[in-house]
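Subject: Structure handover

Hello,

I am passing this structure on to you. Please open it first, then read my notes below.

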Amino acid sequence: MGELYRVRGASRVYRMGEVEVEALKPTDLDVAEGEALVILGPSGSGKSTLLHLLGGVDRPSAGTILFRDLDLTGLDAKGLTLFRRRHVGFVFQFYNLIPSLTALENVAMATEVAPNPRDPRAMIGMVGLADRADHFPAQLSGGEQQRVAIARAVAKAPDVLLCDEPTGALDYRTGIKVLEVLRQVNRELGTTLLLITHNAAIADIADRVVRMRSGRILETRVNEAPKAPEAIEW
Amino acid sequence: MRTLDRKLLRNLGSMRGQLFAIVLIIACGIASFVTVLTAYRGLTSTRDAYYARYRMADLFATVKRAPRAALDDLARLPGVRRAEGRIVFDVTLDVPDLSRPASGRVVSVPDRRTAILNDLHLTRGRWFEGDGTGQVIVADRFAQVHGLEVGDTVSVLMNNKKEALRIVARALSPEFTYLIRGAGDVLPDPESFTVLWVSETFAEAVFDFDGACNDFVATLDPGASLEDVIAAFDRRLDRHGAIGAYGRRDQLSNRFLSDEIKGLQGSATMTPTIFLAVAAFTLHMLLARVVATQRTQIALFRAFGYTTGELVRHYLKLALGIGILGAAVGSGMGIWFGRQVAAIYGEFYSFPILDFPVDPVAIVGGTLAALVFASLGAIGALRAVVRLLPAEALQPEAPKAFGRTFLERWPLFARLPFPARMILRHIARSRVRAAITVGGVALSASILLLAFFSWGATEGLLDHQFRLSDRQDVRVAFHEERGRGALYELGRLPGVRVAEPELAVPVRLVHGNRSRRTGIAGLAPGSTLHALLDENLRHVQPPREGLLLSRKLAELLDVRPGDDVEVRVLNGRKPVLEVPVESVVDEQLGTAAYADLHRLSRWVGEEYALTGARLSVTDPRRLGEALKEIPSVAAVDFKGHTVASFRETLARSQRIFGTVLILFAGAITFGVVYNTARISLAERARELGTLSVLGFTDTEVRRVLEGESWLLAALALLPGLGLGALFSWLLTRVYDTELFRFPFVLRRDSILQTVALVLLFTLLANLLVRRRLRTLDMVDILKARE
């Protein structure tokens, strides 16, 4: 398997009023194509910052981030937009569905800007919501909304799925279901999965786990035998 | 409440763009209110003071010639306070810088200065020396235009003699506040017309009027009946060739001034109400949003023990603060604009002093109106505050509930692109706000259309009257009735191609219990220089046996073609006849009636008579110089000059009023669209941020937000244009006066300009919102929860 990301010495300093906060200290990280990687850490550990840098939502203050041969640090705002559009699927903690579009439309919308999209209806079917395709977000439960969000992220056939605490706002049972869908996407479609969470139990489903604290990576460990989502508990 | 007040100030600070827009709309409303009310009150009080101080007459009567002794008789009539006699003649002047004769009205005044009726206000120079022979006081405006100073001379053709008169003073008179020659003229033309005040002794000598006069003015006792005095005057003066006395109401200068004041009275309430209503709705929209976002804060304050009353007062203060700010800015604008309006009026009306001082009544009234409308705008938000349950409000706001709307039933809807669907559903969900936006933009469009219409209407009037109807180049009026020979004489003048006779006869037309004093114009069969047109601009057959009436006159008398009217001829042997009305013609100026020239001649006891002529000419300049030498000519009117002067006089005022209307309409469109877009942006920040994170380009994201503004603006255009057409039509009704009226013709240009400006203002508002959109922080949006 080739390398999808190569991060070298990437750091991010935020200016909060008069103080500077180093949210991410200089960090190295490699992500392989097709792997399922969980970044584990408490709040303030820098995991979200790292995810934003990888997703092209934010830019590092120093260091480089290579996506395959593409240097993300050299892209302007428009270049980053195109990068997100072609390569990245996002899943957010609070789903961020467009409230004025139905479930199916939310998925279809994302496919409109992608070069080789998947069939929106099939994606809705894959996350088990074929019968709710015409519902608006306000008519769906949290777990259903998150599954629509995953369908939306996957429908554009991204190279990488970036998930920011995808189960953070869900109850246990619903959370497991969402994780199953994510793992299924990773296994069946071969989409690289990058998931950040503060929940250590979730790390068990990953091929590899990166633990972070205070803006730096503490350790990286390979899961020899990743567990199926239904087998984990928290 | 000090903490709440601090919060209030911070709230105001963070919404300053939107507040500015609302303040601007309120300010426009108050400015128009203060301006119009100031102008109305200022003009009324200036007129009243001027009339009182310079003893403007209540009654006017013209005769052929009466001995001065008749005056004693008139002065003793019951109800008459004071009566004066004078000599009045129309003359022509030769002014060196004019290649045509100017018209003058000689009015005699006492040799020595005394307090007379219609007294003069001398702006320069002094009263006559000695018996005033060879001396003249000229209208200030005329002297100004021609650069005439005290000591200069003007050459006046009086009673067949050319007299060089020395100017001893320049003056104003309440009788000529609106300095026009006669009915049919609409705008003052100080280049072509002046009053020439001469001493009685001089006038008697020049006009052979020893011990006689031909014009009477009088003031009445308070409470006296004008009708009774007019009747008494007419009885006493009948044998002196009276053509009927009339009251101040029908005096031409006063008529114009009073109509203007009446018009101001009408518009003092309408325009401001429109603006303030839009402001109230916009404020409602903004405050509803503020209360929605601050519901947690409100609940918190409630939980801490603040009473509902305190919180209501808090938000009311915000609304009233906006109202006061708008009133302050608007009053300032109104005071400034009032000065400009005074300057414009100063060009049309000659007053000794015309200044619109700061009017406390207008400002207090405006401020109260602003506060009332601001409070109305706050009612919705205040109700929400009162109804808020603290426990519920501490929960985050429920997610935006989108459900199926009526839109889904529309088969094409599913085929629309996503941004369009998002926009439509968003509009369908916030219908009140959408309606306010559409309403505001529509009103602004209607104001714009009205402004462009009124510009076009002037052109329409000019076109109809001076191109289609009046086909002559020059019109000449004689001092008195002349025979056929006068026409041949005119026809032989240099540069004259065609000369057609005109006979003007003063009459009173009576139909049922309605009656009107007017003139009948006699037209020769086959005349070509005066086209009579119906409302569809088709030619109307010239009169044969009966009369043609202008539409306005027919309305006033309530007659239709086929009806008979009673014609009371006011000069000559004064016959009274029953004459059928043959048809009605459409004219923009005056209330004329037409008859066949020969028939009309016989009514005044002549075989063939004319009092003037219409000329088609090849060389106006040479004709003009020649006319200066003809003693029988009382007045000359060069159409080209009249049209140019008309345009020039109106251009400045139209420019100012037009600019202001456009700015006002801009304030509304901008204010409403900006507020809607900002609220929409605030509500949808997360949605738009999500689109951006998902890889939608800035342009694509912008389209979703701005599409809403554009769609609403576009939706507003049609009703706006319709409303504007209605306002324009109402304007033609308001200005459908006996003096002039405007045709109701909406030009395509006006409509296109209106649409273009509405879209321009929408674009400006969007550009400002775009700046906000750029500062959206994607990272914040990913983390934030509604």
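A residue counts as buried if 20 or more other C-beta atoms lie within 10 Å of its own. By that rule, 46% of the 786 residues of chain B are buried. Please keep in mind that this is a predicted model.

Chain B overall

Chain B has 21 helices and 20 strands. Its C-alpha atoms fill a box of roughly 100 × 55 × 50 Å along the principal axes. Take the contacts in chain B with a separation of 6 or more: 83% of them join residues 24 or more positions apart.

The four-stranded sheet

Chain B holds an open sheet of four strands. The order is 2-10-1-11, and the pairing is antiparallel. Strands of a sheet pair through backbone hydrogen bonds.

Which strands stand at the edges? They are strand 2 (80-86) and strand 11 (246-247) of chain B. Each has a single partner strand, so one side of each has no neighbour in the sheet.

Strand 11 of chain B pairs with strand 1 (residues 59-67) of chain B over two bridges, in the antiparallel sense. There, B:L59 stands opposite B:G247.

A helix also packs on this sheet: helix 6 (residues 226-237) of chain B. Helix 6 touches strand 1, strand 2, strand 10 (212-220) and strand 11 of chain B. Its direction makes about 10° with that of strand 1 of chain B.

A helix pair

Next, look at helix 9 (residues 308-348) and helix 10 (residues 360-387) of chain B. Their axes come within 8 Å and cross at roughly 150°. Angles over 145 degrees count as roughly antiparallel, and helix 9 and helix 10 of chain B are therefore roughly antiparallel to each other. The crossing of helix 9 past helix 10 of chain B is right-handed. What kinds of residues make up the contact of helix 9 with helix 10 of chain B? There are 18 nonpolar, 10 polar and no charged residues.

Where chain B meets chain A

In chain B, 22 residues are in contact with 23 residues of chain A. Three elements of chain B give two or more residues each to this side: helix 12 (418-429), helix 18 (639-693) and helix 21 (778-783). Helix 12 of chain B provides the largest share, five residues. By class, the side of chain B that touches chain A has 11 nonpolar, five polar and six charged residues.

Over to you.

Best wishes

How values were computed: Residues are numbered from 1 along each chain as its sequence is written. Chains are lettered from A and ligands numbered from 1 in the order in which they are written. This is a predicted model: local features need pLDDT of at least 70, side-chain atom pairs count only at pLDDT 80 or more; totals for chains, interfaces and linings use all residues. Two residues are in contact if their C-beta atoms, placed from the backbone, lie within 7 Å. Ala, Val, Leu, Ile, Met, Phe, Trp, Tyr, Cys and Pro count as nonpolar, Asp, Glu, Lys and Arg as charged, and the others, Gly among them, as polar. Two strands pair if DSSP finds at least two bridges between them. Axes are lines fitted to C-alpha atoms, for helices over the stretch in contact, and angles run from 0 to 180 degrees between N-to-C directions. A residue is buried if 20 or more other C-beta atoms lie within 10 Å of its own, exposed if 12 or fewer, and partly exposed in between; C-beta atoms are placed from the backbone. Angles under 35 degrees count as roughly parallel, over 145 as roughly antiparallel, 65 to 115 as roughly perpendicular and the rest as oblique. A crossing is left-handed if the near helix is turned anticlockwise from the far one by less than a right angle, and right-handed if clockwise.
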